[in-house]
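Thanks for taking a look at this one with me. Here are my notes, in the order I would read them.

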Amino acid sequence: MASGSGDEEGNAEGVSWRLIGPAAGLSKKRCRLMYSSLGYDSDVCLFYVKGEFFAMDARCSHSGGPLCEGDIEEADGVLQVFCPWHDYDFDLRTGKSGTSLQQQVYEVKLEDGNVYVKHVSRLSLEPFPADQKNSLSVTASSSSPS
């Protein structure tokens, strides 16, 4: 598991630590799909393997296969997920593949019994309502007298 940098505020791009939930509950499944408020292409897999949490983009960088449905294996000390569509492998720690493909990985930290993932968008274990996906921030508009 990657340890946090202590950057609780996030950076200029809006990346910040997102609370996912209690580690006790999340550790009961090997992989969970986390929905992104930015939509389908930004969803993230949260893996729990050998006592550690890992996070990476949920869709394979090759053809978009669902990595949460892939097999997880360890070879020479490297934990890898295999895409169920075309069997491409990705290192859970680095996102590197045995091919030229690269999968985006995200920092994960445990704090006070909770799991956090560093990501640009809000993440949820439940889908966001359709009207919240890909929506721009709405600011209150002031109306001027006509």
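This is a predicted model: local features need pLDDT of at least 70, side-chain atom pairs count only at pLDDT 80 or more; totals for chains, interfaces and linings use all residues.

1. Reading from the N terminus, the order of elements is β-α-β-β-β-β-β-β-β-β-β-β.

2. Some totals for the chain. Of its 146 residues, 38% are buried. Looking at contacts between residues at least 6 apart in sequence, 52% of them link residues at least 24 apart.

3. Now to the sheets. Five strands make an open sheet with antiparallel pairing, in the order β8-β4-β3-β2-β11. At its edges stand β8 (105-106) and β11 (123-124), and each of these pairs on one side only.

4. How many of the six residues of β3 are buried? Five are, so to speak under cover, and the strand (residues 44-49) is mostly covered. β3 pairs with β2 (residues 31-36) in the antiparallel sense over four bridges, and Cys 31 stands opposite Phe 47 of β3.

5. On to the pairing of β3 with β4 (residues 52-57): these two strands run antiparallel and are joined by six bridges. Val 44 stands opposite Asp 57 in β4. The two strands form a hairpin with two residues between them, and Lys 50 in that turn has a positive phi of about 50°.

6. Strand β4 also pairs with β8, again antiparallel, through two bridges. Here Met 56 stands opposite Val 105 in β8.

7. A further open sheet is made of three strands in the order β5-β6-β7, with antiparallel pairing. Why is one side of β5 and of β7 left without a neighbour in the sheet? Both β5 (71-75) and β7 (89-91) stand at the edges and have a single partner strand each, so one side of each has no neighbour there. Ignoring direction, neighbouring strands of this sheet are turned by 35° against each other on average.

8. Within that sheet, β5 and β6 (residues 78-82) run antiparallel and are joined by five bridges.

9. Last, the cysteines. How many disulfides does a search of the whole structure find? The search finds zero. Cys 83 is in no disulfide, and the nearest cysteine sulfur, that of Cys 60, is 3.9 Å away. A disulfide here calls for two cysteine sulfur atoms within 2.5 Å.

10. Are Cys 31 and Cys 83 buried or exposed? The cut-off for buried is under 20% relative accessible area. Cys 31 has a relative accessible area of 12%, so Cys 31 is buried. Cys 83 counts as buried because its relative accessibility is 3%.

Key. Residues are numbered from 1 along each chain as its sequence is written. Side-chain values use heavy atoms; hydrogens and water are left out. Buried means under 20% relative accessible area, exposed over 50%, partly exposed in between (1.4 Å probe, protein chains only). Two strands pair if DSSP finds at least two bridges between them. Axes are lines fitted to C-alpha atoms, for helices over the stretch in contact, and angles run from 0 to 180 degrees between N-to-C directions. Contact means heavy atoms within 4.5 Å.
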